[in-house]
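Here is a short report for a reader meeting this structure for the first time. Keep the sequence and the 3D view open while reading.

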Amino acid sequence: MRARLLLVPAFAVLAVFAHGAQTPERLSVTVLDENGVAVPSARVTLKPPSPALALRCETGISGVCEFLHVPEGSRQLRVEKEGYYSAVSSIESAGSPEVEVTLNHLKEIKETVDVHESPPMIEPSQTQSQERLTGIDVINIPYPATHDYRNILNYIPSVVVDPYAQPHVAGSQTYQTITVLDGLNVSQPSNGQLLLHVSTDAFRTIRVEASRYSAEFGKGSGGAMVLETGIGDDHYRFIATDFIPSWQNKGGWTFDQVNPRLTLSGPVVKGKIWFFDALDGAYQNEIVTELPIDQNEDIVTRLGNLAKIQANLTRRNILTTSFNINEFHDQHAGLSPQNPQASTPAVNQPAYQFGAKDQHYFTGGSLLEAAFGFNRYDLTLIPRGLEPYFISPETAGGNYYLSAHTRADRWQVVSNLFLRPREWHGRHNFKVGIDLDRLRYDANYVRAPISYLREGQTLPTTGDCITVKPPLNQPSPCSRSSVFPGAPALTEHNTELSGYAQDQWLLTERIFLEAGLRYDWDQIVRAPLFSPRLAATWVLDSSGNTKLSAGFGVFYDATAIFLVARPRTGTRIDQFFDQNGLPIGGPVLSSFTADLHSLQAPRVLNESLSLERKLPANIYLKVEYIRKRGVHGFVYDLTNLSNLNGQFALSNTRQDHYDGFQIGARRAFRNGHMIAASYIRSHARSSQVFDFNIDNPQFSPQQPGPYPWDTPNRFLSYGLLPLVKGFDLAYSSEIRTGFPFNVVNDQQQVVEVPGSRRFPTWFTLNTHIEKRFHALGYYWAIRGGFNNVTARKNWIDVNNDINSPDFLTYSVYNGRAFTGRIRFLGRK
């Protein structure tokens with residue numbers, strides 16, 4: 001409460017500015033990257049002959065910082081920012097009052113031997129609860145399926161990745177997190193999932209902000225995930241990875257996978273126009289050993305390409321365009337012991353993204369950004385035949401019941417204006433912006449009947465349990481049967497309008513406030529939403545080695561189209577049978593309704609407090625607590641709890657709670673070596689945890705419980721450490737509480753408290769050894785090692801049917817696997 005009282009006065013100065021007078025005794029430093037783009041938040045240190053007189057400043061959005069009253073004499077200028085090589089130069093008194101410094105992004109191969117990586121540092125102006133991975137981290141950290149960057153998100157402490165490769169930031173659902181690629185929203189427009197694919201060799205940084213993030217980011221109470229990809233420079237580069245296939249021994253040696261990645265970059269016109277192209281593909285043969293040998297393979301193929309061009313039209317005007325395309329095909333999606341080949345669908349998922357961003361830097365330090373984006377995600381599910389589909393307590397059979405085609409797209413226009421710094425009781429950096437989005441969702445569904453068999457029963461040879469009636473006085477082999485009338489088709493639109501204003505106020509060299517106000521409106525909820533944000537940092541010592549951060553804010557989610565459109569996705573008619581196979585009552589119709597005029601926007605209050613400290617031996621420590629309380633969450637529940645009539649209505653009654661405590665440390669060494677470790681204690685719960693829909697057979701009133709990705713205890717560690725004679729050890733490890741799951745009966749009704757049972761504790765250790773060398777005039781990197789080196793059975797599936805003799809039998813795990821990697825890094 002005291003932290004809130006200290007931060008509130010910042011709201012009074014959101015729009016109060018005055019021109020500050022300049023003094024001639026100054027030094028202006030402009031920091032640009034190798035492509036002439038301004039580098040904000042770089043730490044600039046000016047060291048006069050006397051070390052006690054060292055001065056520090058931090059660059060603004062235009063890459064400029066100024067020193068006033070600079071002492072005379074020769075001075076050393078050092079510029080650093082994590083993710084870049086540091087730059088050091090000497091400045092004489094008689095020199096120019098303006099200095100320009102170039103910071104180069106980290107690369108796998110250094111251009112010169114006398115450069116050093118910028119160490120991790122405490123940034124006084126960073127109010128956000130922020131965690132990041134550099135592009136080098138993405139390449140160096142070993143993890144299964146390195147062709148999919150979503151898998152490395154699990155090594156960001158605030159992120160938990162579920163078995164479907166969907167990330168959950170600070171306990172939130174995936175659609176509650178906004179994902180931004182190079183400044184544009186790329187979350188799937190209808191359901192908010194992270195389906196974007198980009199080559200893992202393309203990233204410069206992956207940044208996650210779970211709390212205290214600025215008013216620029218809305219439409220996501222869970223957090224913001226910011227993905228930044230690279231661009232070429234004045235050197236031609238060619239990198240190839242994983243171009244040699246691997247083999248596996250699962251009941252005999254057979255082909256495993258090949259995941260080639262090719263990256264090309266360089267100048268079109270040196271010093272003005274550059275290109276970048278990241279091509280990647282995959283051909284994977286996934287084998288489920290519990291299935292018969294001739295029915296245990298799933299072939300997954302993917303092809304993607306990200307192409308970018310940056311043109312410096314003038315020194316102050318930069319235009320960047322990009323196009324990303326992905327084609328994905330899964331021959332037997334969801335293959336497992338419970339879902340054999342015949343009962344799985346084929347899945348096709350093409351995706352397309354286009355973006356264009358123009359940046360104009362004005363004299364005096366202002367910056368205007370304007371961006372246009374388009375993204376589209378398609379999904380097609382195709383059953384393997386027309387055989388009646390059934391589910392028994394042990395397995396599924398027949399052919400998958402659902403045939404579907406969906407398409408979701410977003411058109412987006414974004415503009416941000418960063419005003420030049422103003423002086424008034426400190427320095428103010430004022431920023432305003434707007435965001436206009438048009439979303440469309442189309443869907444077509446055809447569903448066949450589903451028969452739920454009792455233990456030991458088989459489906460009638462003539463059909464399913466609904467269309468074929470048993471002879472008189474003969475019981476049905478089913479415990480439940482479902483039929484889906486009609487072939488629903490729908491189209492849903494939404495228009496979103498957002499704007500924000502933000503003030504970053506440097507009161508003193510040690511105290512920094514950030515206050516913002518955001519406005520959101522959309523055509524579905526049609527209510528003006530105002531989101532105040534307030535955060536502060538306080539550097540506790542003159543050396544800048546200890547920082548305390550605190551903040552709170554109101555956050556709203558984007559209206560979830562997939563929930564609003566659910567009433568038009570179809571209906572279901574269920575017939576239940578007792579243990580003797582006799583009908584229980586009459587058919588039950590399940591349908592969904594949504595009164596859009598009565599809906600309120602889901603709202604979350606996010607509060608947090610953190611302490612960062614640079615310890616001896618260059619160890620950086622971070623301790624943080626995040627508290628989130630959500631109200632008015634969208635949820636479907638039965639309209640009459642006294643009678644399970646199958647009528648579900650959309651309401652605003654869900655409440656979500658998240659509490660997370662984290663302690664982490666990181667140490668960086670020379671030559672890119674580093675080590676990091678974190679422990680996270682958290683709880684993610686909801687007052688109404690079920691997600692009822694036509695395709696979810698669970699049938700019960702809403703109940704409270706943990707979310708399926710709730711992990712109360714979690715430990716993470718990864719690193720790259722030197723061994724001997726140029727060999728490096730790369731490792732990653734995770735220990736966590738097992739995910740919760742629900743227990744159902746053979747009618748798919750929930751019979752225990754939701755989430756009361758959990759998978760066993762998860763433990764994985766991945767260890768790889770890498771050697772980089774120079775041969776045939778080129779640089780190479782070869783790596784080999786084991787994923788899950790301890791061969792622990794980290795189960796993915798479980799039989800949760802309490803009526804099955806195989807109840808609580810776990811299946812499907814990734815055992816110990818040897819993986820190798822060859823990277824062709826080209827010349828310097």
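The report below covers sheets, a hairpin, some single residues, a surface patch and salt bridges. The model is a predicted one.

## Two open sheets

Strands of a sheet pair through backbone hydrogen bonds, either parallel or antiparallel. Start with the open sheet of four strands. Its order is S3-S2-S5-S6, and the pairing is antiparallel. Strand S3 (55-58) and strand S6 (87-91) stand at the edges. Each has a single partner strand, so one side of each is left without a neighbour in the sheet. From one strand to the next, the twist averages 20°.

Look inside this sheet at strand S2 (residues 43-47) and strand S5 (residues 75-80). They pair in the antiparallel sense over five bridges. Leu 46 stands opposite Leu 77 in S5.

Now turn to an open sheet of five strands. Here the order is S8-S13-S14-S11-S12, and the pairing is mixed. Strand S8 (129-134) and strand S12 (184-185) are the edge strands, and each pairs on one side only. Strand S11 (residues 177-181) and strand S14 (residues 223-229) run parallel, with five bridges between them. Thr 177 faces Gly 223 in S14.

## A hairpin

Strand S16 (residues 246-249) and strand S17 (residues 253-258) run antiparallel and are joined by four bridges. Asn 249 has Trp 253 in S17 as its bridge partner. Three residues lie between the strands of this hairpin. Gly 251 takes a positive phi there, near 75°.

## Two residues with positive phi

Positive phi values also turn up in residues other than glycine. Leu 776 has a phi near 60°. Leu 776 sits in the loop between strand S47 (762-775) and strand S48 (778-787). Is Leu 776 buried or exposed? Its relative accessibility is 77%, so Leu 776 counts as exposed.

Val 812 has a phi near 65°. Val 812 is placed in the loop between S50 and strand S51 (817-826). At 18% relative accessibility, Val 812 counts as buried, because the cut-off for buried is under 20%.

Tyr 810 lies in strand S50 (residues 810-811). It is partly exposed, at 24% relative accessibility. Which residues does Tyr 810 touch, not counting residues up to four places away in sequence? They are Phe 741, Arg 758, Phe 759, Pro 760, Trp 795, Asp 797 and Val 798. Take Phe 759 from that list. Tyr 810 and Phe 759 are 51 residues apart in sequence, and their C-alpha atoms are 8.5 Å apart in space.

Ser 678 belongs to strand S41 (residues 674-686). Ser 678 is buried, with a relative accessible area of 11%. Its contacts, leaving aside neighbours within four places in sequence, are Pro 157, Ile 663, Gly 664, Arg 714, Phe 715 and Leu 716.

## A nonpolar patch

On the surface, Phe 323, Phe 354, Phe 372, Trp 411, Val 413, Leu 436 and Leu 497 form a nonpolar patch. Together they have about 620 Å² of accessible area. Leu 497 lies in strand S32 (residues 489-506). With a relative accessible area of 39%, Leu 497 is partly exposed.

## Salt bridges

How many salt bridges does a search of the whole structure find? It finds 43.

| Salt bridge | Closest N and O atoms |
|---|---|
| Asp 233 and Lys 107 | 3.7 Å |
| Arg 757 and Glu 752 | 2.9 Å |

The pair of Asp 233 and Lys 107 links distant parts of the chain, 126 residues apart. Asp 233 is in the loop between S14 and strand S15 (237-241). Lys 107 is in the loop between strand S7 (98-103) and S8. Both Asp 233 and Lys 107 are buried.

Lys 622 and Glu 624 are both buried too. Arg 757 is partly exposed, with a relative accessible area of 28%.

Some salt bridges share partners. In this way Lys 219, Arg 410, Asp 435, Asp 437 and Glu 496 are joined into one network.

Technical notes
Residues numbered from 1 in each chain as written. Predicted model: local features only at pLDDT ≥ 70, side-chain atom pairs only at ≥ 80, totals over all residues. Heavy atoms only, no water. Pairing = 2+ DSSP bridges. Axes fitted to C-alpha atoms, helices over the stretch in contact; angles between N-to-C directions. Buried < 20%, exposed > 50% of the residue type's maximum accessible area, 1.4 Å probe, protein only. Contact = heavy atoms within 4.5 Å. Patch = residues over 30% accessible without salt bridge, like charges linked within 9 Å, V, L, I, M, F, W, Y side chains within 5 Å. Areas by Shrake-Rupley, 256 points an atom, 1.4 Å probe, with all protein chains shown as cover. Salt bridge = Lys/Arg side-chain N within 4 Å of Asp/Glu carboxyl O.
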